[in-house]
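Thank you all for coming; I would like to walk you slowly through one structure this morning. Please keep the picture in view while I talk.

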Protein chains: 2
Amino acid sequence: MEKENRTELSELGEFGLIKHLTDQILLQNKTSMKGVGDDAAILSAPEGQKILLSTDMLVEGIHFDLSYVPLQHLGYKSVVVNLSDICAMNAIPQQITVSVAMSNRFSLEAMETLYSGIFRACEMYGVDLVGGDTTSSNSGLVISISVIGYAAEEKITTRSGARESELLVVSGDLGGAFLGLQVLEREKKVFLETQGIQPELTGYDYVLERQLKPEARKDIVDLLQILDVKPTSMIDISDGLASEILHLADQSDVGFDLYEEKIPMSPRTAEVADEFNLIRTTCALNGGEDYELLFTIKQSDFDKIKGNPNLTVIGHVTHAASGCRLITLSGEPIALRAQGWDPLR
Amino acid sequence: MEKENRTELSELGEFGLIKHLTDQILLQNKTSMKGVGDDAAILSAPEGQKILLSTDMLVEGIHFDLSYVPLQHLGYKSVVVNLSDICAMNAIPQQITVSVAMSNRFSLEAMETLYSGIFRACEMYGVDLVGGDTTSSNSGLVISISVIGYAAEEKITTRSGARESELLVVSGDLGGAFLGLQVLEREKKVFLETQGIQPELTGYDYVLERQLKPEARKDIVDLLQILDVKPTSMIDISDGLASEILHLADQSDVGFDLYEEKIPMSPRTAEVADEFNLIRTTCALNGGEDYELLFTIKQSDFDKIKGNPNLTVIGHVTHAASGCRLITLSGEPIALRAQGWDPLR
């Protein structure tokens with residue numbers, strides 16, 4: 001990785017590396033009683049609240065390509081995708097553990113860069129790193145993160161509570177992360193074919209940031225609390241809007257009508273889709289990695305969210321028998337299919 | 001892996017595989033409110049108890065060698081080594097999440113075998129599998145497990161509570177897992193050199209079982225509760241007795257005198273050490289992977305544990321200035337050094 005100041009991980013050994021990387025951690029949350037340094041972390045759930053637990057594994061060559069993903073962004077994003085899962089339960093993430101396997105092609109300085117992104121995300125979201133594991137690997141980099149959050153039982157939102165005639169709402173806008181990936185893949189190809197011409201990324205900031213440095217919508221969890229809206233079901237968009245709607249439908253035993261004209265997309269994302277000759281709606285439906293929140297609310301809550309620039313009503317809940325349908329711009333219903341990304345295919 | 005009945009993982013895809021592997025899970029613990037199938041699991045800490053959280057990553061070629069470790073045992077051991085960390089806090093493990101990355105050389109049937117070992121461990125220890133992730137990898141198998149346990153705050157035992165003149169106690173016996181590994185490595189070499197002669201493992205059951213199917217000493221946590229003994233500090237032996245004593249010394253700011261004559265070793269382990277021309281004490285000190293519990297108790301608790309066949313007093317706590325010493329059979333003190341296994345070296 002780095003050409004200069006290269007320190008081999010083997011010089012520190014496992015305990016030395018953990019100590020080096022975690023020595024300056026200051027625990028921020030009252031729920032974090034003891035962090036790194038013992039056989040287990042000690043946590044304390046807030047009085048009367050339940051615990052939310054989620055985990056995700058990111059594998060080099062499958063989930064990320066280090067030829068165009070900077071290690072600092074990778075660290076940040078690895079944390080964010082996990083926090084997003086806790087937000088999708090309408091809960092607040094407070095602790096993470098981070099396990100990393102890496103080959104000896106990574107230096108201590110490379111690990112420090114990865115962890116600087118991890119710590120940056122912890123700081124941004126008020127989350128404590130309380131444990132983990134570092135080990136070597138014979139091949140690529142693997143990052144596994146677990147996250148703990150808390151919420152009062154009555155506030156927790158699963159995927160199974162959607163009921164007929166409720167409204168389907170999404171935060172932010174869609175398709176950007178997918179188009180950011182297209183730009184990165186194109187420039188990588190140019191770079192490899194022309195032996196060293198620097199990639200041209202100017203003007204693509206929005207979609208690149210959506211891909212490389214996504215955010216977990218903890219602000220939406222806070223906003224819903226302020227607006228006094230309790231979603232009836234919720235999921236985060238990691239694999240594409242279509243796939244997530246099908247999950248909600250399946251687990252709530254309902255159908256959905258989704259209106260193509262309502263799907264929020266930023267003007268810049270739409271332009272980049274056009275440039276790549278990709279259908280805009282397809283990018284939003286199947287692109288994935290936007291980490292926006294998708295949820296259902298009672299019709300009676302509509303007035304509370306109406307006009308909020310962070311939230312868009314994109315459809316409504318129907319009977320299970322009608323299935324999940326996209327109502328196109330011309331008013332035609334088409335069956336929704338999950339064509340999102342699958343790490344096993 | 002298998003020659004017959006081979007189903008490709010890609011035929012199921014990620015969601016299909018997770019569903020297939022986790023469909024028949026029945027949650028056993030009251031603290032497990034919701035398991036696999038949503039963005040996060042929902043857990044409920046027992047009234048007044050704190051949460052213990054630990055995580056471990058196992059990498060093919062570093063932590064295990066599939067040429068002699070059956071997948072079912074690997075699944076079992078992967079869970080056990082994590083449960084052991086919660087036991088080492090004097091707490092009871094109740095939930096795990098399991099993330100697995102595997103290349104397409106693994107079939108569905110191979111995954112089922114791995115998970116059958118994971119479920120067997122869950123059943124044996126009364127633990128619920130409540131979440132996880134499955135993904136592909138370009139190379140080997142990587143398993144990352146997180147574990148949650150609970151205990152009353154006053155019962156939780158860290159590494160930092162040892163005080164001068166207390167007794168050092170270990171459960172079970174030591175060195176077996178290391179010698180099991182020596183047997184497996186020797187037979188692998190014979191097998192490779194002689195092209196197919198079956199390995200001779202008869203008569204090595206004890207040390208092989210210690211290596212391939214170790215147990216977490218949850219029974220010792222229960223026993224200490226029954227005996228009304230609260231250890232002042234505790235750690236589990238994953239990297240070797242010497243390394244763990246040094247951790248307790250470092251974090252409690254004390255020294256230790258360890259008596260060579262007291263170190264418990266099973267007669268069969270001792271015989272195998274002799275056969276390999278290895279010094280018995282060295283195997284116990286640096287071998288690792290025995291997953292026994294090492295802890296300190298007040299002298300006044302000695303009568304409560306005296307004569308218990310599961311527990312051996314092997315030394316006592318001294319002043320930090322005297323450091324950690326092995327008192328040899330001939331009565332000579334030698335400085336203890338950690339020469340246990342390090343995945344980064």
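Let me begin with a definition: two residues are in contact if their C-beta atoms, placed from the backbone, lie within 7 Å. This is a predicted model, in which local features need pLDDT of at least 70 and side-chain atom pairs count only at pLDDT 80 or more, while totals for chains, interfaces and linings use all residues. Residues are numbered from 1 along each chain as its sequence is written, and chains are lettered from A and ligands numbered from 1 in the order in which they are written.

In that sense of contact, 56 residues of chain B touch 56 residues of chain A. On the chain B side the largest share, nine residues, is supplied by strand β3 (residues 49–59) of chain B, where strands (E, at least two residues) and helices (H or I, at least four) are DSSP runs numbered from the N terminus.

The chains also pair, which requires that DSSP finds at least two bridges between two strands: strand β3 (residues 49–59) of chain A and strand β2 (residues 41–43) of chain B are joined in the antiparallel sense by three bridges, and L53(A) has A41(B) as its bridge partner.

Turning to chain A, we find an open sheet of seven strands with mixed pairing, in the order β8-β10-β7-β11-β9-β12-β13. Its edge strands, β8 (233–236) and β13 (333–335) of chain A, each pair on one side only. Strand β12 (residues 324–327) of chain A runs antiparallel to β13(A), with three bridges between them, and I327(A) is found opposite P333(A).
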